[in-house]
Amino acid sequence: FQAEDGIRDYKVTGVQTCALPILKGMTNFGYVGTAMQGHAFAKFTGWTQLTRVTFRGSSIDDEGLRLICERFPQLESLVLAHAKFTDAAAPSLAKLAKLKGLELGTHNATPASLQHIASLPIEYLQLGEGFDTPASLPYLKPLKTLKRLTITNCKTFGDRKSTRLNSSHLVISYAVFCLKK
């Protein structure tokens, strides 16, 4: 195990994460497919080099998202696919001033949550469940640095093939950026 490799464990819970703060020098951290909500991050200090985290399939809730954004403000990449947070926690995302890559998905939040990333330097954005609708598009217009957009399910877009986001994103083609299942 190398600290820079991160951690991947499909059976670890939030209670078991309490032992992890002793690891220093982490730059990448992956906690995938777990019941972890993120509450244990209240005890995490010293992870000042952490720039990339993935919680795909974990149960990150409102408190967990708040703690991630508070404890790791230097993040450049954050994956929260299949999470459990709501609109109430979304303002915490605005604290991630260096965030360039973001993957979001939760059935518990609405596209309005995206307004809180408007001032971030997002270059890559993946929108999953809860955000994979045309209602999300107006919230993307302020993202001047966006270079790549992936929408994981385009069923609600119908026959619409493209839309104008802003002057720097002339046309986003859903046929190219949508993952077909």
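Start by selecting Arg66 and Glu70: they form a salt bridge, with the closest N and O atoms 2.7 Å apart. Keep in mind that you're looking at a predicted model. Both residues sit in helix H1, four residues apart, or about one turn of the helix.

Next stop: strand S3, residues 77–83. Six of its seven residues are buried, so S3 is largely enclosed by the rest of the structure. To see how you get there, follow the chain from S2 through helix H1 (residues 62–71) to S3, a right-handed β-α-β crossover.

Look at the neighbours of S3. Strand S2 (residues 52–54) runs parallel to S3, joined by three bridges; pick Val53 and you'll see Leu78 opposite. Strand S4 (residues 101–106) also pairs with S3 in the parallel sense, over five bridges, and there Leu80 stands opposite Leu104.

Finish with Arg56 and Glu103. They form a salt bridge whose closest N and O atoms are 2.5 Å apart. This pair links distant parts of the chain, 47 residues apart: Arg56 is in the loop between S2 and H1, and Glu103 is in S4. Arg56 is partly exposed, at 30% relative accessible area, whereas Glu103 counts as buried, at 11%.

How values were computed
Residues are numbered from 1 along each chain as its sequence is written. This is a predicted model: local features need pLDDT of at least 70, side-chain atom pairs count only at pLDDT 80 or more; totals for chains, interfaces and linings use all residues. Side-chain values use heavy atoms; hydrogens and water are left out. Buried means under 20% relative accessible area, exposed over 50%, partly exposed in between (1.4 Å probe, protein chains only). Helices (H or I, at least four residues) and strands (E, at least two) are DSSP runs, numbered from the N terminus. Two strands pair if DSSP finds at least two bridges between them. A crossover is right-handed if, with the strands pointing away from the viewer, the path from the first strand over the helix to the second runs clockwise. A salt bridge is a side-chain nitrogen of Lys or Arg within 4 Å of a carboxyl oxygen of Asp or Glu.
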